[in-house]
Amino acid sequence: PSYVVDGIDRQDVDTLEAIEAYARDRREYLAAVEAAELEADDLADEGEKLVDVEDSDGGTVVIKKLPCGKNCDGCPHGPYKYIVRRDGESLKWDYKGPVDG
């Protein structure tokens, strides 16, 4: 908004650094609040099994087992690791790979 830009344009370098630090800290705080609001129902679909869920600075770490969809005797498979973050109303899943042992 112009009222924010107008105020920022009147600041010196030291104040701009303080504004930058505040904005970064505020963004990280809001991201952490959103991550903490994730419920187990948001993190596992039918047939999936949550193994572990842990909040981190980069998002929520989710480790889960997944069905392959082929009605095999070995389902669910995994576990697999994901980093999950809110993206508006939806979730952004970043696959990190299989988890050992």
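**Close-up views of the predicted model**

**View A. Four strands form an open sheet in the order 1-2-3-4, with antiparallel pairing.** Strands are DSSP runs of E with at least two residues, helices are runs of H or I with at least four, and both are numbered from the N terminus. Two strands count as paired if DSSP finds at least two bridges between them. The edges are strand 1 (49-56) and strand 4 (90-98), each of which pairs on one side only. On average, neighbouring strands of this sheet are turned by 25° against each other, direction ignored; the axes are lines fitted to C-alpha atoms. The structure is a predicted model, in which local features need pLDDT of at least 70 and side-chain atom pairs count only at pLDDT 80 or more. Residues are numbered from 1 along each chain, and side-chain values use heavy atoms, without hydrogens and water.

**View B. Strand 1 pairs with strand 2 (residues 59-66) in the antiparallel sense.** Seven bridges join strand 1 and strand 2. Glutamate 54 has valine 61, in strand 2, as its bridge partner.

**View C. A nonpolar patch on the surface is formed by Tyr3, Val4, Ile8, Leu16 and Ile19.** Together these residues have about 420 Å² of accessible area (Shrake-Rupley method, 1.4 Å probe). Patch residues have over 30% relative accessible area and no salt bridge, and nonpolar side chains are joined within 5 Å; a salt bridge places a side-chain nitrogen of Lys or Arg within 4 Å of a carboxyl oxygen of Asp or Glu. Helix 1 (2-9) and helix 2 (13-36) each supply at least two residues of the patch, and helix 1 gives the most, with three.

**View D. Isoleucine 19 lies in helix 2.** Isoleucine 19 is partly exposed, with a relative accessible area of 32% (buried is under 20%, exposed over 50%, partly exposed in between).

Terms used
Axes are lines fitted to C-alpha atoms, for helices over the stretch in contact, and angles run from 0 to 180 degrees between N-to-C directions. Patches are made of residues with over 30% relative accessible area and no salt bridge: like charges are joined within 9 Å, nonpolar side chains (Val, Leu, Ile, Met, Phe, Trp, Tyr) within 5 Å. Buried means under 20% relative accessible area, exposed over 50%, partly exposed in between (1.4 Å probe, protein chains only).
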